[in-house]
Amino acid sequence: MPIVEEFMQPGQFTIPLSEETDLYRVWERMQVFGHIVVLPQWVQHPRMHSDAELLAAARYTGVVLRTTWASRNIHIWGQGLWWHLGDHHGDGPKIDTWLSYTDELPSDVFPDLLPDGIALGTITDTDAGLYTGDHLHESCSEAIRTVLKDRGMHARINPNFTFDACHQLRDEVFLITAPKVIALRRGWGSDPEFEGVEAARVETTRDASNWVSTVEVLDEDPDSFTSAGFIGARSHTYFDGLGNPLTRTAYVSRATDDDLVNPGGFIENELLDRDVDDRQVLDAAQWELVNGSLNVGDNFYAFDPPSSLVDTANQVRFRGEFIWPKKVRCLEASTPLTEGMGIYYRPSAATVVSADWIDITRWVEWEERP
Amino acid sequence: MLNIGRIGLDVTLDNPSAWGSSASRGRVDQITGELHAATLAETKALRTELLEQNGQIVPVVWSEDSTVDGFYRQLDADIDAEDYALNDNGLYDFSVTLERIGGSAQTEFQSLLTSVLVVNQHDLLDTEVRPWHSPPVAALAYDTGDTSPTAHTRTTEDGVIPVIIDLDTDVDPTWSVEPVDYYKGGAKITVGGRVRTGLDAPNLPADWVVSNGQIRFKPGQSAGVSTGRILMEVFDGTAWSTSKAFAVLFAGTTVVPKWHYVTIVRNTPEVAILRLVRDAEEAPATTHRHTLDIHLRRGSRYATFNYHFSGGAATWKVQRDSAEATTAITPTGGSSVAAVRATSNDADGDRFVLGSQHDTTQDNTQGGIEFVSTRFYSFFIGSEINGSSAAANDQADALILQYMGAVYEQVRAVPR
């Protein structure tokens, strides 16, 4: 699938181009670190709109990291805009100035942590509380995740390079409280209140590979690298092969100073992130999901009793009967490129106007609808 | 006589011209023949309904060779229409591929049930409601493990059907049935006079029937046009009763006069769901639509209705089209009225029941209930067949508690 979006992760995209691609006007002008922009409908003359208007209407924007031309295979590969905060290796823009916060609103913290390549969008402070912490010598991505975890927030980077965040139980950034999509193995279809999607395959996985019993925060002071004294441990009933309680510790580095108060919320979130992961994978065709009915990060309902996708406390009327779906979060979505979309290359330059955009739509190798 | 699922039950299916079987990791049978009936309309119906059965578990019965009788999954169906296909009574060449599950000796069925207390405003608890389930008529070897539900029976036009009440909600019962009995007592949908096997059906909002052999619902119609009413008829063991009409009223006063679309939402022997859709050209005149889902389970003495209006909140009333005095019913364990029931037996000896999990205002003169300030609401319409002489598990109080113990069912075939 060409576009793989991940919740608060870079994801990736692959744009296959036909062998008839115009080498001079298109191929040679597409450079790394430019951007691929996907519009939901093809716009014949992008220069009739401003750069900002096109980005605001975009379905997806990704940064070009690799171009490949081998015989008849022409591909553009890259990652989503979260890459501009930092990648999986921890590489990216850095916080190289000591930033210290005491009881600050998140909306006053994020502007300092965002790199120049990502603009501040809408930060909703409601229910998030106040942040206290220090940051130095870490990637912007690490620093931002620290604040998000500490304050129980989630965030999204929009196709127009803006960063939105709110508390993870609120609806300002993602659809959380009242999902509109239900995935079912049978009986899917439309309904006045919900959009039903066929879950062609349901796979249930329990993954303990990331599990730790203890999280310890290390003090990343310029003069030392010692335990900050903040340790979170969970009670559990797992044992090693010789009957000892299973012990696994994750060290998490955070820049601190002697005045740092106990980052209790942060440690709890780290332990939650590193718990046994019960995950269900649903193969739900996204063909039926149009105009943002379901985006990565949104909650949706899934109902399949044989797979334990049931929540008896959640009664829903759907297509004439009562069902009790489980509310689950969309963590990853693979979106095909289908004919009708507009695919453009936006150059990497100090100033970009819409006239600089290159329309590569006609050379894209579209995916067939299943 | 050949029956492939429902094909052949209402329109005779001729003996096949060929029946091939192959076995590698399982047995696959391929049947070829001709679809040819007494009229062109019936021949077309055979074609459409055979195609619609793809993917379903189908019982197959052949009078010429009972050794092939059993349960299959229809994998695909091919229909060839030559240039003569629509001449005279019609003729289609067909080929259907069936994956054999097994005969009645090695096949049993498991009903995967999810049962939860309906969220209600009568303070009914999950320990007070009565979830229930019915296998087909003549089903045997019904097993709920080491639980002890209540065994009851009801009479359908196909015979006596078991009704297992007070089910343990953690149980997925298993049962067995002969292929020839698989559909008996089950839910079925008829549109345009044809029993439908799948979801495809013509748009005939004035000509449909949802039935389970003991209660059925039809549209009110005048000169072939829907009047918006819903008619209920019940089977008393001998004959079907006179129709009893119900109307839905917007703002409590304006009868919803017509339905524009009828759609089959779910069509399985255990549950049938029909959807009616209306453009709000009037009652009220807005750019919105009404949706009414009719949900009927095998073995049930009531149907569940879900109404949705895409416009603003309003007052809605569901009532007898012709006034029929009712009595308010507070169910056992409940704190408020959950239904109205006809005060006296009607001419057929029955008493209708109309109720909801929502708070309602009762009209015991007209025989109706009213929902205030809402866009969507649910209710049930049923009958105490034999009225004041109805068995305890068929009386209004029991029907309310059965309704409140909602059950979602999927059936699968399992090896015995």
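**Glu138(A) and its chain**

Chain A exposes about 18100 Å², with carbon and sulfur atoms supplying 47% of that area. Keep in mind that this is a predicted model.

Reader: Why is Glu138(A) called buried?
Author: Its relative accessibility is 5%. Buried means under 20%, so Glu138(A) falls in that class. Across chain A, 49% of the 370 residues count as buried.

Reader: What makes the link between Glu138(A) and His135(A) a polar contact?
Author: The distance. Their side chains are joined at 2.6 Å, and the cut-off is a pair of N or O atoms within 3.5 Å, so the pair qualifies.

Reader: Which residues does Glu138(A) touch once its neighbours within four places in sequence are left aside?
Author: Pro93(A), Lys94(A), Ile95(A), Ala143(A) and Thr146(A). They count because contact means heavy atoms within 4.5 Å.

Reader: What share of the contacts in chain A between residues at least 6 apart in sequence join residues at least 24 apart?
Author: That share is 69%.

Reader: How confident is the predictor in chain B?
Author: Chain B averages a pLDDT of 93, on a scale from 0 to 100, and 99% of its residues score at least 70. For the complex, the predictor gives an ipTM of 0.87 and a pTM of 0.86.

Methods. Residues numbered from 1 in each chain as written. Chains lettered and ligands numbered in written order. Predicted model: local features only at pLDDT ≥ 70, side-chain atom pairs only at ≥ 80, totals over all residues. Heavy atoms only, no water. Buried < 20%, exposed > 50% of the residue type's maximum accessible area, 1.4 Å probe, protein only. Polar contact = N/O pair within 3.5 Å; in protein donor to acceptor, adjacent residues only side chain to side chain. Areas by Shrake-Rupley, 256 points an atom, 1.4 Å probe, with all protein chains shown as cover.
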